[in-house]
Amino acid sequence: MLGFQVGVLQKPPFLLNLASQIRRAYRSPFAKAPLRLFSATNSMANSAKKTEVDGAKKNENEQLEDSGKKLSIEDLEKKKKKEEKAREKELKKQKALEKAAKLQAQKAANPQKKSERKNVKRGEEEENPEEFIDPGTPFGEKKRMSRQMAKQYSPGAVEKSWYSWWEKSGFFVADARSSKPPFVIVLPPPNVTGALHIGHALTAAVEDTIIRWRRMSGFNTLWVPGVDHAGIATQVVVEKKIMRERQLTRHDIGREKFVSEVWNWKDKYGGTILQQLRCLGASLDWSRECFTMDEKRSKAVTEAFVRLYKEGLIYRDLRLVNWDCVLRTAISDIEVDYIEIKERTPLKVPGYERPVDFGVLTSFAYPLEGELGEIVVATTRVETMLGDTAIAIHPDDPRYSHLHGKFAVHPFNGRKLPIVCDAILVDPKFGTGAVKDRETHSPFITLQITPAHDPNDFEVGKRHNLEFVNIFTDDGKINSNGGSEFAGMLRFTAREAVTEALQKKGLYRGAKNNEMRLGLCSRTNDVVEPLIKPQWYVSCSTLGRQALDAVMDEENRKMEIIPKQYSADWRRWLESIRDWCISRQLWWGHRVPAWYVTLEDDELKELGVYNDHWVVARNGEEAQEEAAQKYKGKKFHLSQDPDVLDTWFSSGLFPLSVFGWPENTEDLKAFYPTSVLETGHDILFFWVARMVMLGMKLGGDVPFRKVYLHPMIRDAHGRKMSKSLGNVIDPLEVINGVSLEGLHKRLEEGNLDPKELSVAKEGQVKDFPNGIAECGADALRFALIAYTAQSDRINLDILRVVGYRQWCNKLWNAVRFALSRLGDDYVAPTDVNTDVLPFSCQWILSVLNKAISKTILSLESYDFSDAASTVYSWWQYQLCDVFIEAIKPFFAGNDPKFESARSLARDTLWLCLDNGLRLLHPFMPYVTEELWQRLPSSKDSTRIESIMICEYPSIVERWTNERVEYEMDLLDSAVKSLRSLANERRERRPAFALCRSDAVSEIIGNHQLEIITLANLSSLKVINENDAAPVGCAVSVINENLSVYLELQGALSPEAELEKIRKKMDDIRK
């Protein structure tokens, strides 16, 4: 029976009947059980209670039947009443217009301002609006704040000027010679082409929270900023710029001039994102800012390549790569986006006027040598048959045993294709001795082998020593190896031509829909082509094993991954790791430090034709010496490899190179390895694993002790953010606010086609009908931190950010109220004696202790959402909702009996504000700095310059008081029950507390003032079981020892209640 509530029967019966009918007919799935009703008697031990309740139920049922009949009559009168209401509304409107005209006339006769009249009425002095406005602050100086706190929180005003002062004051700078323990984070370097997106905002919010907390906790914190040169992305941007402005390609202007153009672009536009990070309050050490292609980082990249090559860990080989025919370069796996195709699907491909069909399985026949008939194969890429060099069957398949050692004949070039037996690739369980192709997942009759254009076929070619025939040029056309009939055709044009040619030769056997997975380049949207190319590789078997053990070796674990679930991914990837292709056919990037030696007596003079003619060196002079030593007495010519290194290679060295490696710098000795890496789980292998491999090999240790992987951000509906959907969120638009028209304008400035633009705009209208309100950086940061509880993905709803902006306003007003109670001459204490504090003061300090403890534990365990929730809950539900309200009676007038309590409450309030703002600061740096700067200083202490270099709050053991917390929990339950019984009625009413034990009676009796204040009562009387039950009251049972009553008699208007119920029924029926 705990917590059951009982109402009064003084409410007219017809109101009860209507209310009951609504509850029965339209019960909400979230509704609580209905209140039980009874008629209070003069004795609490009434033995006839059950009989009365049963009688009341019977009477109620009879009345419900009568009311059901009356409802139909009321429905008939509904139209008439609506007409009457309309007439009344029109009459009211007319009266309002007349009143407005009178007021206008009075205003003309007496033009006194409303604010002036308000002040005169209150007898206050006239307010000067300028006192509430911050004066201008010169850039880099400490913010000059208004004399009076603004009455409303404005993120734009609050977040202005603080950052430039923090930065100029050197608060972000770490000292390599400090005796403090180091705590180091390296910012994942954003692309130099990049603009701030919501993923960057999440990274900045999490990392800055960690760094500010550790800085306040006494660590020598270093957060290193940097920018990645982003080889492909930057080259694409500059190529488009040159084409747009001058109608030239990079090949038209040449490599040297093109690279110069990229550097000019980088100096002018690059690094914008780092400036934008300042808006978020990111406390990065800008004195150590670096760029992956600056002189020091370039030296590190060259040194790493040379060392790894000399140890045999870097080598050159001819292998298949992901090739982009638009960029004319190999691309990494992370730059390939895969789409699932269920059936024949036309897709737009760069360079083609008409869409290209995918999801089609084409079958055709190869004639067998010696007039043995034909053998049928099937493929989704029929154009690659021009490069077929074999046909594979399973050695144990009896259906094809007669073809062992035989040949098929290529219909277009006469090439003899050996029929090879391959038990690894071909599985007879599928179809007629067929395989499951990596693309189609469909059964084939047998398998054509194209070693130069398919990863699986490449392995077959090596196993059977087949010929590797490349049929594509770098820009995706058929080369001379494809035959004169098709040479020069684009690959997908050749697809149609080959099909037609097969039909003419009578070898075409049909086509059907086929499910497949198609790889597209994320940069160009081009269909990725497997292509055989000579490339530089890093051998990863040994390095990968070391990186795997660093996480999985329980006896000697060097690194921890958080959340732990991603350790399984770490194991899966590194146990099956392949060698890493690190060369790219680009012009922008770190040039491969390798030179090809062309000997005077070489028969073939093409670059790279002899794989053993390479020397690797740090510069040209060293390469000359290496070649002279290698080819003594021979004449030669050196040519540096035109390729550049994969961007992931330089970024994989970042934790080392930012500290000056390979030089043994002070920074390297002080700050490597770093403390934690924070990044997205999507690049755990592509970046994190490679940093660990290179760090352990070249730096002698893992590059970081912990890896925290944040969730990936999606929109409020769980969709991936996409420009074409219009759901991409720009953090700066959330910080500063933007209209719907502004959102549309951003889309129009992009490169969406008209149809995509229309869809995107519709999405914006649906999600942001009124645009995005100005929220400020603090609210955005706090929302993103709170969202990290969703460990895999974040479904970001901007309304939640708006909610935290509103909470900032509550925080602002709470501090504003508190400062008004402290007074202008208040001097803060260094400490308080908790034994003499009022009850509510003892309680708030005790729960503050718990909030501090839980926040620190959550931060230490990287549970940022729980930490943010703890701080929020203390401010919202304990300080603002309870403590500030509970101490208001102390400040209501100058009652002498509250003089001591008033003074002690001031001291406690100051302690709460000081500790609470410092507790919140890592999450919300701007508003906490502003509010903390307005706090009075404590006695006998020099004021610290900024909150960000104050100590983070720690537990004060003498503040903890379990007894007080227990008693306040009981009071809180009573207050909440009384508020519930009041049902939003604002007038103060008498209440009674029925205490069934002496201990509870003593607690309630000692704290009547707190209950009266918090529950908004006119009085509170403590009664026991021997007292008469209060009449005309609603009651709530809190526990076996306590019930509370709230007097409601006279509070109900039958007409008003009936009107409310009827409106509710109308709303439900709609």
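Predicted model: local features only at pLDDT ≥ 70, side-chain atom pairs only at ≥ 80, totals over all residues.

Modeller: Residues are numbered from 1 along each chain as its sequence is written, and side-chain values use heavy atoms, with hydrogens and water left out.

Colleague: What is the mean pLDDT of the chain?

Modeller: pLDDT is the predictor's confidence in each residue, from 0 to 100. The chain has a mean of 86, and 84% of its residues reach 70 or more. Over residues 1-74, however, the pLDDT is below 50.

Colleague: Which residues of α9 are buried?

Modeller: Helices are DSSP runs (H or I, at least four residues), numbered from the N terminus. Buried means under 20% relative accessible area and exposed over 50%, with partly exposed in between (1.4 Å probe, protein chains only). In α9, F258, E261, V262, W265 and K266 are buried. Viewed down the axis of α9, these buried residues fall within an arc of 135 degrees (taken from the directions from the helix axis to the C-beta atoms), so they line one face of the helix. On the other side of α9, E256, K257, D267 and K268 are exposed.

Colleague: Is L780 buried or exposed?

Modeller: L780, in helix α24 (residues 776-787), is buried, with a relative accessible area of 0%. Contact means heavy atoms within 4.5 Å. Leaving aside neighbours within four places in sequence, the contacts of L780 include I198, L280 and V801.

Technical notes: Helix = DSSP H or I, 4+ residues; strand = E, 2+ residues; numbered from the N terminus.
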